Amino acid sequence: MDLNGGAFIITGKHLSLALLALVLTTMLLLDWERNPLIYTYIPTQHRSVALLPPPACFHPDLNNSTESMETAEMKTDREKSQTLQEEERKEPEADVDDSGTEIIDGNSENRTTSVATKVCNYAKGRWVADNRPPLYPVQCKYIQRNWACRLTNRTDFSYEGYRWQSVDCKMPEFDSSHFLERMKDKIIAFIGDSLSREQFQSMMCMLTGGQESSDVEDVADKYGFLQFLRNGGIHHHGWAYRFQSTNTTILHSWSARLCDREPINATDPDTLYAMHLDRQPAFIRENIDQLNVLVLNTAHHWSKQMMSMDKEVMYVNGVPVQDRNLKNNENSRIFKVKNIVTWLDSKMASNRNLQVFFRTTSPRHFFKGDWNSGGTCDNTVPMTRGSEVLQEESIDKIVAAAVEGTRVKILDITALSDLRDEAHISHYGKKANDCLHWCLPGIPDTWNELLSVEL
C-alpha cells in the first residue's frame, strides 16, 4: 500500500491475511456455541430470558418454542440467574426490633399494635383522686340495704372519691349503654358467695344508673331461683334480670364453695349434705350451654367452722374424703378451684361463645381479732396502706395457678382492694363489725369496670 500516492496496492500476502480473517469470522458467526474456546457465550434468543425477568404475560405453556431450544444445562443456568436477579431486586429487609409490644386490653375496640404481644394487666396501677360522683346513687333498688353505707349512721364518705387507674393501659370509662350493646343477646352469670352477690348488685346499679326502668324484667323464676315458703314469704336462691332492649340477662346464683351439694339422707330434715369437690354446682351444669359470661369466686367459706354451720361433708368420687391432705381446708380449696377450672376449660373448647373469669379473693380487714373474735376496721382515712400496686403477679396464688395455661381468665382484684380497708361496712348500722363486705357504691364497682374492659 502506497501512503504517499493515495493508492492501495494489494499484495498476495495481504490478500491471504484478509481471506483468513474472513473465513474465521464466518466460522464464528455460524457456530459460536460449538467453539470450546468461548463456552460462556449465550445466544441472543436465550440471553433475553437469562438476564431479564420474564414479562408480565410470561407463561411456560406459551413459550414452548424458547423452552425447546434450551439444553438442560442452559435451563439450569437461566433459572439460577433469574433467582439471583430477583433477590437483587428485593429491597433489603429492615432490622426488626423484637422489643415492640402489642397491647391487648380484652376489648377488641381498644388496641395498639407493634411486634410482640402483651396482655394488659389492669390489676397493676394506682388509686387516684376523683371528684366525680359515683356511677349510681345509694338509693339503687338492687343494693342490699345494709351495704348502702350512706343510709347508715356513717358520716365520712371519702372512700367514694377515688378511682382505679391502670399503669399499663388506658381504661375507658364505663358506659352502660355501650356495655349492654356489646352484651346483646348474652347471659352474664355471677356464681359464688355474698361477695359475688355484691358484685352482681353493683353491676345492676351501674347498668341502670340506680334508676327504675321498665326495660328491666325480673326473670328469677325462669331459673328456679325462687322458693315460695308456707308463710307466704319468698326465699331467693339467686336473682336474674333481663334488659329487654338488648336481651341481656344479668344473674347471680349462690354457691359459696362452687361444689355440687345434695342431702345424704333426703328423708331426714336434719340430714347432713354431701359437698362434692369433684362435681360442679347444679346451676352451672344445667345452664353452661346457655351462658356467655361466667364470673366465679370462692374463698372465705373454706373453714371447718363454716362447713359445720352449713352441715356439709366433703366428698370425692361419690364417697366421703378420707385423704388427710385433702381434708385440709386450704388443700380442698386448691383441689376445687383446679377441678372447676379444668372442667370449664374443656367446655370452652367446644363453646367459643363462652367467656369465664375467676375473680380472685376479696381481702378482709379485721384488725385486733377476726370476724367472730372482736376484730374491727374503724379506719376512715383512704390510702393509709398505700395507693399503688406494682407487682405483675396476683397475690391469690391458688386462682393464678389454676387458670394458668387454660382459657379461663383471672379477674385479679385482690391487691388493689387490699389498699382500701376504709371502704368496708365496718360497724355502721350494725351490731357487729363487717370488715369483709364493702360499701356500695364502692370497691365492687371497680371490679366491674375491670370486668368490662376484659370482655
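Q: How many of the 12 residues of helix 13 are buried?
A: In this predicted model, local features need pLDDT of at least 70 and side-chain atom pairs count only at pLDDT 80 or more, while totals for chains, interfaces and linings use all residues. Residues are numbered from 1 along each chain as its sequence is written, and side-chain values use heavy atoms, with hydrogens and water left out. Buried means under 20% relative accessible area, with a 1.4 Å probe and protein chains only; helices are DSSP runs of H or I, at least four residues, and strands runs of E, at least two, numbered from the N terminus. By that reading 11 of the 12 residues of helix 13 are buried, so the helix is largely enclosed by the rest of the structure; among them are Trp447, Leu450 and Val453.

Q: How is a pair of aromatic rings described?
A: The distance of the centres and the angle of the planes describe such a pair. Rings of Phe, Tyr and Trp (its six-membered ring) pair if their centres lie within 6.5 Å, and planes under 30 degrees apart count as stacked, over 60 as edge-to-face and the rest as tilted. The structure holds eight aromatic pairs. One of these, Phe225 with Phe283, is tilted, at 5.4 Å centre to centre and 35 degrees between the planes. Phe225 lies in the loop between strand 7 and strand 8, and Phe283 in helix 7, 58 residues apart. Both Phe225 and Phe283 are buried.

Q: Which charged residue sits over the ring of Tyr273?
A: A charge sits over a ring if NZ of Lys or CZ of Arg is within 6 Å of the ring centre and within 35 degrees of the ring normal. Here the charged end of Arg261 is placed over Tyr273, 3.8 Å from the ring centre.

How values were computed: Buried means under 20% relative accessible area, exposed over 50%, partly exposed in between (1.4 Å probe, protein chains only).
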